[in-house]
Amino acid sequence: MRRRIITVLYAALMAVTASAQGTSTFHDDPVMQQFTVGEIGIGNLGSGFFTWYYDIFHPDYRQWAAAENKELYRILTYYSWYRELPMAEEIDSCLKERAKIEGYNLIDRQVDLAWPLEQAKVENKKAVFLRNINRISTLGGSAQDYKRWQNIYEAIDCGLRNVQDSYLPNSERQKSYLAIYKDLVKYNTDLCILLADLDARRKLKGISDAKVPTPRTSIARHASDAFQRWKAAWHGGGNSASNGIEAK
């Protein structure tokens, strides 16, 4: 008996749930009238129960609701959208053109075409500059001089890597590579002047440190040799008269 009662209650609960979830087909005409009046201005707000409701609580709305409906605002909105259509098309065209240009720029900036053109002379000048830096110590330069010029080389090399990794068009890349090459030429020229100065100092120091041999001939010997040369010259002058040359 108890099981039968539970089954009946369960069936009734399922029926109520099904009816609650079903679609209602009940038509409420006053509600539809309110909707049509507010949307398109067609309908009547004074039918049935709502006659006295609008007279008491919303008398003003009942008078102007049909005239000021949403249809007018829709028309004005569509008109404003229509006026913005040429501007929107112009903006769309500009954006498409800009997107095309940026596509070309993207390709130009991602592919480095300037480095293969300038690589040979930049790399050669870098190698020459580095070899000259390594000659500083061999020519007697100080450790401070070597460190200073090594820092200059590393700064130039770091700038070169930054240009290679940067997001630049190839025209700007080429200008940067040429500027780096110009700096390499300038600094290498200054370094060559320093190396020449160091080499001159080294050679001068070698000459000053060389031992000058001491003459073994004494001063008396030099004086005696000079007297003998004078004496021979004097006797030779006396013999010239016998050769037909008259001495005055």
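The questions below cover ring pairs, charges over rings and salt bridges in a predicted model.

In this predicted model, local features need pLDDT of at least 70 and side-chain atom pairs count only at pLDDT 80 or more, while totals for chains, interfaces and linings use all residues. Residues are numbered from 1 along each chain as its sequence is written, and side-chain values use heavy atoms, with hydrogens and water left out.

Me: How many aromatic pairs does the structure hold?
Reply: Rings of Phe, Tyr and Trp (its six-membered ring) pair if their centres lie within 6.5 Å. Planes under 30 degrees apart count as stacked, over 60 as edge-to-face and the rest as tilted. The number of aromatic pairs in the structure is four.

Me: Are the planes of Tyr 78 and Trp 81 stacked or tilted?
Reply: The ring centres of Tyr 78 and Trp 81 are 5.6 Å apart. Their planes meet at 55 degrees, so the pair is tilted.

Me: Which helix holds both Tyr 78 and Trp 81?
Reply: Helices (H or I, at least four residues) and strands (E, at least two) are DSSP runs, numbered from the N terminus. Tyr 78 and Trp 81 are three residues apart, about one turn of the helix. Both lie within residues 70–110, helix H5.

Me: Are Tyr 78 and Trp 81 buried or exposed?
Reply: Buried means under 20% relative accessible area, exposed over 50%, partly exposed in between (1.4 Å probe, protein chains only). Tyr 78 and Trp 81 fall into one class: exposed.

Me: What is the angle between the planes of Phe 129 and Trp 149?
Reply: Phe 129 and Trp 149 form an edge-to-face pair. Their centres are 6.1 Å apart, and the angle between their planes is 80 degrees. Both residues are buried. The angle asked for, then, is 80 degrees.

Me: Which helices does the pair of Phe 129 and Trp 149 tie together?
Reply: The pair joins parts that are 20 residues apart in sequence, because Phe 129 and Trp 149 lie in separate helices. Those are residues 115–138 and residues 143–165, or helix H6 and helix H7.

Me: Which residue joins Phe 129 and Trp 149 in a cluster?
Reply: The cluster is linked by ring pairs. Alongside Phe 129 and Trp 149, it includes Tyr 153.

Me: Over which ring does the charged end of Lys 186 sit?
Reply: A charge sits over a ring if NZ of Lys or CZ of Arg is within 6 Å of the ring centre and within 35 degrees of the ring normal. Lys 121 lies over the face of Tyr 181, at 5.1 Å from the ring centre. For Lys 186 the distance to the centre is 4.8 Å, and the ring is that of Tyr 187.

Me: How many salt bridges does a search of the whole structure find?
Reply: A salt bridge is a side-chain nitrogen of Lys or Arg within 4 Å of a carboxyl oxygen of Asp or Glu. The search finds 13.

Me: With which residue does Glu 39 form a salt bridge?
Reply: The closest N and O atoms are 2.1 Å apart. Glu 39 lies in helix H2 (residues 29–40) and its partner in helix H5, so the bridge ties parts 35 residues apart in sequence. Glu 39 is buried at 15% relative accessible area. The partner is Arg 74.

Me: How far apart are the closest N and O atoms of Lys 96 and Asp 92?
Reply: Both residues lie in helix H5, four residues apart, about one turn of the helix. Lys 96 is exposed at 57%, whereas Asp 92 is partly exposed at 37%. The closest N and O atoms of their salt bridge are apart by 3.3 Å.
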